[in-house]
Amino acid sequence: MDIELQAAGNRDGVNYRPVEETERDWLVSTQNAGNNGEMMPSGNEAVSQKNLQNTHIPQENSTLCRIKRDLNEVVFWKVKVWMIIIISFLVILAVIFISVCVCSAVHEDEEEKFDPSLPAVAQYFNGSFQLAFEQKLVTLSSSESQADLQKTLADLYRSSPALAQYFSKAEIYGFRNGSVDYRLTFLIPEAHQDQLRKFTLSREVVYNVFRQFLYDQEQDKSGQMYIDPVSLIMI
Amino acid sequence: MFLWQYLTPVLLVILQTCKARKCATFTDLNFGHAFFGTTLKIRLLLYTRESIDCGTLMSHTNLSAHPHFNLSNPTTFIIHGYRPTGSPPIWVKKLTQLLLHRKDMNVILVDWNHGAANLNYLKSVENTKKAAANLTAFIKNMEEHGASLSSIHMIGVSLGAHISGFVGTNLNGTIGRITALDPAGPQFKGNPPNERLDPTDAQFVDVLHTDIDALGFREPLGHIDFYANGGTDQPGCPKTIFSGGAYFKCDHQRSVLLYIESVNRTCSSTAYPCSSYKDFLDGDCVSCDQFGAAGCPVFGYDVVRWKDILVRLGQTKAYFSTTAKTPFCMTNYLLDVMVWNKDERSGYITAKLHYNGTEAVASINHKASKFREYTETKMLAQVGKNIQSVEKMSLKFSNGNTCSPKYKLRVLRIRLTNLEHEQRPLCRYDLLLKDNEEVTFRPIPCEESNF
């Protein structure tokens, strides 16, 4: 079987005519060895041994040629061995690359999941702020404006990446001399209560999220600002 | 004939004024001299406020020959280093002028170009001891004429730093101050203290290292040793040999440029005592409690203000970073980040500070920082500008991997503290930093924190 294939290779390898002779010698000698279990000196081999110096290079060439021939063997249709090797490499690479990318694409952000059904306790933050413009106060006394303000506050905390999941509601419950009283309600899951109270839902974070929102509004300079950041109080 | 009667006195007067105006200049040698070697010859060039641009060649013995030389004034010696090409150092004139602008003093430029110009570095090293002996004799002479040794300041560059050290040893450490600018390393590494510069050579020894991995000296040599940019590669200096001679001398010469800037008060570089540059960049050495009210030492000419504490502390290693070109100073900020991600995240933070319509990129030591839930991660952010007030800030988080999940950094609070100026730290709460997306915001003055 082996020899047949080699011969087929030889037929293909028309380019390798100069070394064909030695090639065949080598084939013959291995054939002999295989058949008889011992080396049979052949006439041709004697010749090649005589020209040891000359045969040295062709022998090296022959190994190369054999590899080339092996690579050029047709496996089926027009597909040759070398194509199969390269394709299998590419397939392996593609599989690795695709799987890594798929993994990263389907990566689920655990922190975005939140289960609202967990038992929770309420946490309140009360406080007040001062309205900067008197004329606004007049319009604010209407319940419509009160709802506006309430919505602004609720929107602020609902859009907060850290606090949104715990936020429950914001209430505005009083105006006194241009000062507005508010109450924020958060629901803290019982499981991580202590840590959440200390960090994420600490007064510092809840208060400063409000405070930086007021500073940002001030920056806008579109006339929307009507809460003075310095007047913000939260307990 | 009639004309000559009038011309001769005029010519004589011109000749006399020229003679008087003739200034002594630094010996200018060429590569040929260095190739064949030079023997030691020390010239002392005196500069005072009366003659800022014009040096006077001094006699080593007859001090009274120079009326400008006021021995009741402090005296500063400038001693250059190895001159492989024999050319005069380009910085001496500037340094002399700036010193004289600072204070009324005698500046003596020690010109030992004959002796320093030698292709064979070992010969120049040999000459340092001889030069020191010569200077010692001169200073003793000064002392005999009424000068106070504690008012003597020696500024030595490279080999000149060790010359100063030898002079100090000869005078039993009685001279006031030695400033060593990148003291030479080759042939001095591993030497015992009396064979190199050491803290006992003067009442106060301050050292700057800029090239510890080549021409400079790695170990601390003074009461305070400043390591600019860790003392190794200076920003803006060529990284490869293809840039020619600058590759060899740029790091080494940077020491003089930094010192000149400090004399000129271009800006100030606060240095932070630390065990290593890595720790400094990690933000582990931002406080200078051991210096009390004086605060962290400022590199350069005015470090003498910290003299008493530094001498008491023995030896201090201090670090600072610089920009690539003048002004070299950088302002250091501490950036604290606290996240609420449940899993640990690691990555790089890039920060920009916006002010007056422009922005400055803060360089943060680029090793991946680790962010753990409810834990503060400290980073040192260095800015090459002096920003009065930060109006806006941009942050970017990248985890550095090309094909990995797009992690988000959920920041509870960031705090930016200016380490050099007493300013209220700036804070921002509740930020979501998506991978590789820049977020710009307006920081607010921090309030008292309880976590």
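Predicted model: local features only at pLDDT ≥ 70, side-chain atom pairs only at ≥ 80, totals over all residues.
Student: How many helices and strands does chain B have?
Tutor: There are 9 helices and 20 strands in chain B. Its C-alpha atoms fill a box of roughly 100 × 60 × 45 Å along the principal axes.

Student: What about charges, how far apart are the mean positions of the positive and negative ones in chain B?
Tutor: They're 4 Å apart, counting 48 positive and 41 negative charges.

Student: Switching to chain A. Which residues form the nonpolar patch on the surface?
Tutor: Among them are Trp82(A), Phe89(A), Leu93(A) and Ile96(A), and the whole patch has about 1,000 Å² of accessible area.

Student: Which helix gives the largest share of it?
Tutor: H5(A) does, with 9 residues. Helix H4 (52-72) also supplies at least two.

Student: Where does Ile96(A) sit, and why is it called partly exposed?
Tutor: Ile96(A) is in helix H5. Its relative accessible area is 47%, so it falls between the 20% and 50% cut-offs.

Student: Last one: is Asp181(A) buried or exposed?
Tutor: Buried, because its relative accessibility is 10%, under the 20% limit. Asp181(A) lies in strand E5 (residues 179-189) of chain A.

Student: What does Asp181(A) touch, leaving out residues up to four places away in sequence?
Tutor: Its contacts include Gly127(A), Ser128(A), Glu171(A), Tyr173(A) and Arg176(A).

Key:
Residues numbered from 1 in each chain as written. Chains lettered and ligands numbered in written order. Heavy atoms only, no water. Helix = DSSP H or I, 4+ residues; strand = E, 2+ residues; numbered from the N terminus. Lys, Arg positive; Asp, Glu negative; His and termini not counted. Charge placed at Lys NZ, Arg CZ, Asp CG, Glu CD. Buried < 20%, exposed > 50% of the residue type's maximum accessible area, 1.4 Å probe, protein only. Contact = heavy atoms within 4.5 Å. Patch = residues over 30% accessible without salt bridge, like charges linked within 9 Å, V, L, I, M, F, W, Y side chains within 5 Å. Areas by Shrake-Rupley, 256 points an atom, 1.4 Å probe, with all protein chains shown as cover. Salt bridge = Lys/Arg side-chain N within 4 Å of Asp/Glu carboxyl O.
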